[in-house]
Every structure is written in structure tokens, then in C-alpha cells.
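The sequence and structure are shown first.

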Amino acid sequence: MEEYRQSVLYVEDNELNMALMHHVFKKNLPSVLLLKAETAELGLEIAARQLPDLIILDIGLPGMNGYEAIERLKGSEATRHIPVMAISAFALRSDIEQAMNIGFAAYITKPFQVKVFTDTVKKMLAGDPSTD
């Protein structure tokens, strides 16, 4: 049985992206438990129940999008302390600025470079607010 020191919740509706993330974590972040949710609504439930160390949230989710989801996460006493990282194909400067202004701690654009992504996750899990 593997022992995980930390957990990350990944909220993503695309099965291929979910499978890619599973592979990235298994290969590059093996001591981190990857929790998964296919919708923002399910992600909010898992976040409140599991209290992960980090949430990676797709912006373009069906139903409740990532912007509404982070507002609910930050509005909840139970989850407001959890850092949330956006991951999205929306790559315009205005998209990134909007996300950072509403409370995302970092923003990664798809497709992402694995090293940049894993370095950002490691920094965030270590409590380092500088994700440059």
C-alpha cells in the first residue's frame, strides 16, 4: 500500500486530459495522491470532504465553470485556505488576469510543459506563493 504525504484534487471533464494527468502524477509526483472529479459540483463535494492540499481546476467545465467553482471554494470556511491552480486552454492575457484576480494561485495553459507544470505543483504544495 502506497503512503501519500499530500493530495491534489483535479477537476476536469475531458477523459484524455484526466488520463494524462494521472500519468504525470504517477511518474513525476508519486508521493502525491491524485483525487479526481469530472464536474465542478463533484469537485466541490470532494474538496469539502477530503480537504486536499491543492486543487487543480479546469476553467472550461460544463455546467458550473471554474470561475464559479473557485468563488464557492473561497466562500466556504472549510475550503477557502486551499490553494487553487487554474488549468485551461484559454491562453489570452485577459483570461489569465481574470483568473488571478478572482483568486487562483497559479494559471497553467494547455497544452502544458510537464516540467513547468510539476515544478508549479511542487512549489504550491510546499507553500511557495511564487509560481513564476
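## Strand S3 and its cover

Strand S3 is mostly covered, with 5 of its 5 residues buried; buried means under 20% relative accessible area, exposed over 50%, and partly exposed in between, using a 1.4 Å probe and protein chains only. Both faces of S3 are covered: Leu54, Ile56 and Asp58 lie on one side, Ile55 and Leu57 lie on the other, and all are buried. Helices (H or I, at least four residues) and strands (E, at least two) are DSSP runs numbered from the N terminus.

The model is predicted; local features need pLDDT of at least 70, side-chain atom pairs count only at pLDDT 80 or more, and totals for chains, interfaces and linings use all residues. Residues are numbered from 1 along each chain as its sequence is written, and side-chain values use heavy atoms, with hydrogens and water left out.

Two strands are taken to pair if DSSP finds at least two bridges between them. Leu57 has Ala86 as its bridge partner in S4, and Asp58 has Ile87 as its bridge partner in S4. S3 also pairs with strand S1 (residues 6-11) in the parallel sense, over 4 bridges. In that pairing, Leu9 stands opposite Ile55 in S3.

Strand S4 (residues 84-88) is largely enclosed by the rest of the structure, because 5 of its 5 residues are buried. Val84, Ala86 and Ser88 point one way from S4, while Met85 and Ile87 point the other way, and all are buried.

## The chain as a whole

The protein chain contains 5 helices and 5 strands. From the N terminus on, the order of elements is β-α-β-α-β-α-β-α-β-α. A compact globule of 132 residues would have a radius of gyration near 14 Å, and the 13 Å of the protein chain agrees with this. The radius of gyration is taken over C-alpha atoms, and the globule rule is 2.2 Å times the number of residues to the power 0.38. Along the principal axes, the C-alpha atoms fill a box of roughly 40 × 30 × 30 Å.

Buried residues make up 41% of the 132 residues. Among contacts (heavy atoms within 4.5 Å) with a separation of 6 or more, 65% are accounted for by residues 24 or more positions apart. The accessible surface comes to about 7,300 Å², of which 52% belongs to carbon and sulfur atoms; accessible areas come from the Shrake-Rupley method with a 1.4 Å probe, and for residues only the protein chains shown count as cover.

Gln6 is found in strand S1. Its relative accessible area is 26%, so Gln6 is partly exposed. Gln6 and Asp53 are 47 residues apart in sequence, yet their C-alpha atoms are 6.2 Å apart in space. Neighbours within four places in sequence aside, Gln6 is in contact with Ser31, Val32, Leu33, Asp53 and Leu125.

Ala69 lies in helix H3 (residues 66-75). With a relative accessible area of 1%, Ala69 is buried. The C-alpha atoms of Ala69 and His23, 46 residues apart along the chain, are separated by 25 Å.

Asn17 lies in helix H1 (residues 15-28) and is partly exposed, with a relative accessible area of 23%. Not counting residues up to four places away in sequence, Asn17 touches Tyr10, Glu12 and Lys110. Pro111 is 94 residues from Asn17 along the chain, and the C-alpha atoms of the two are separated by 9.7 Å.

The peptide bond from Lys110 to Pro111 is cis, with omega near -10°. Pro111 is found in the loop between strand S5 (106-109) and helix H5 (114-125).

## Leu51 in a loop

Leu51 has a positive phi of about 45°, although it is not a glycine. Leu51 is placed in the loop between helix H2 (40-50) and strand S3 (54-58). The relative accessible area of Leu51 is 40%, so Leu51 is partly exposed.
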